[in-house]
Amino acid sequence: MTTTTATPVTCPPSAVCDMIIRWQDVAEGDLVLLDDCLILAVRVEVYQSPWGDGTTFPQTNIYHVLDNGFTVSSERHGDRYTAVRRYVEG
């Protein structure tokens, strides 16, 4: 009879940070509250968008993958706030 010993699996220590942050501070890999759903931000683009008076404001595109595999973007005003869950190494 042969016996085997299972090798323990270890994961690096990590922590969960739940935050309220501005859209322009969202990072790739964050779980973001978007239209009443938590989505995984797979890509984030922040840029300056012009107002009619010549000034600008931060605009943020959050890219996420739908259930059917398509990647879509949602445009948000960068100075507004959202809820974020971020996983960080501890």
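Predicted model: local features only at pLDDT ≥ 70, side-chain atom pairs only at ≥ 80, totals over all residues.
Visitor: What makes tryptophan 51 and phenylalanine 57 an aromatic pair, and why is the pair called tilted?

Guide: Ring centres have to lie within 6.5 Å to pair, and these two are 4.4 Å apart. Their planes stand at 40 degrees. Stacked would need under 30 degrees and edge-to-face over 60, with the rest being tilted, so tilted is the label for this pair. The structure holds one aromatic pair, by the way.

Visitor: Which of the labels buried, exposed or partly exposed goes to tryptophan 51, and which to phenylalanine 57?

Guide: Buried means under 20% relative accessible area and exposed means over 50%. Phenylalanine 57 comes in at 11%, so call it buried. Tryptophan 51 has 46%, so that residue is partly exposed.

Visitor: How do you know that arginine 43 sits over the ring of tyrosine 63?

Guide: The distance cut-off is 6 Å from CZ of Arg to the ring centre, and the charge must also be within 35 degrees of the ring normal. Arginine 43 is 3.9 Å from the ring centre and lies over the face of tyrosine 63. There's also arginine 76, whose charged end sits over the ring of tryptophan 23, 5.8 Å from its centre.

Visitor: Why are strands 1 and 3 called edge strands?

Guide: The sheet is open, with four antiparallel strands in the order 1-7-2-3. Strand 1 (14-22) and strand 3 (37-40) each have a single partner, so one side of each has no neighbour in the sheet. From one strand to the next, the twist averages 25 degrees.

Visitor: What makes strands 2 and 7 a pair?

Guide: Pairing takes at least two bridges, and two bridges join strand 2 (residues 31-34) to strand 7 (residues 81-89), running antiparallel. Valine 32, for one, has valine 84 in strand 7 as its bridge partner.

Visitor: Why is threonine 82 called buried?

Guide: Its relative accessible area is 5%, and the label needs under 20%, so threonine 82 is buried. This strand 7 residue touches several others, including Met19, Trp23, Val26 and Leu33.

Visitor: What makes the approach of threonine 82 to leucine 33 a polar contact?

Guide: The cut-off is 3.5 Å between N or O atoms. A polar side-chain atom of threonine 82 lies 2.8 Å from the backbone oxygen of leucine 33.

Visitor: And why is serine 73 called partly exposed?

Guide: Serine 73, in strand 6 (residues 71-77), has 41% relative accessibility, so it falls in the partly exposed class. Beyond its neighbours within four places in sequence, serine 73 contacts Ile62 and Tyr63.

Terms used:
Residues numbered from 1 in each chain as written. Heavy atoms only, no water. Phe/Tyr/Trp six-rings, centres within 6.5 Å; stacked < 30°, edge-to-face > 60°. Buried < 20%, exposed > 50% of the residue type's maximum accessible area, 1.4 Å probe, protein only. Contact = heavy atoms within 4.5 Å. Axes fitted to C-alpha atoms, helices over the stretch in contact; angles between N-to-C directions. Polar contact = N/O pair within 3.5 Å; in protein donor to acceptor, adjacent residues only side chain to side chain.
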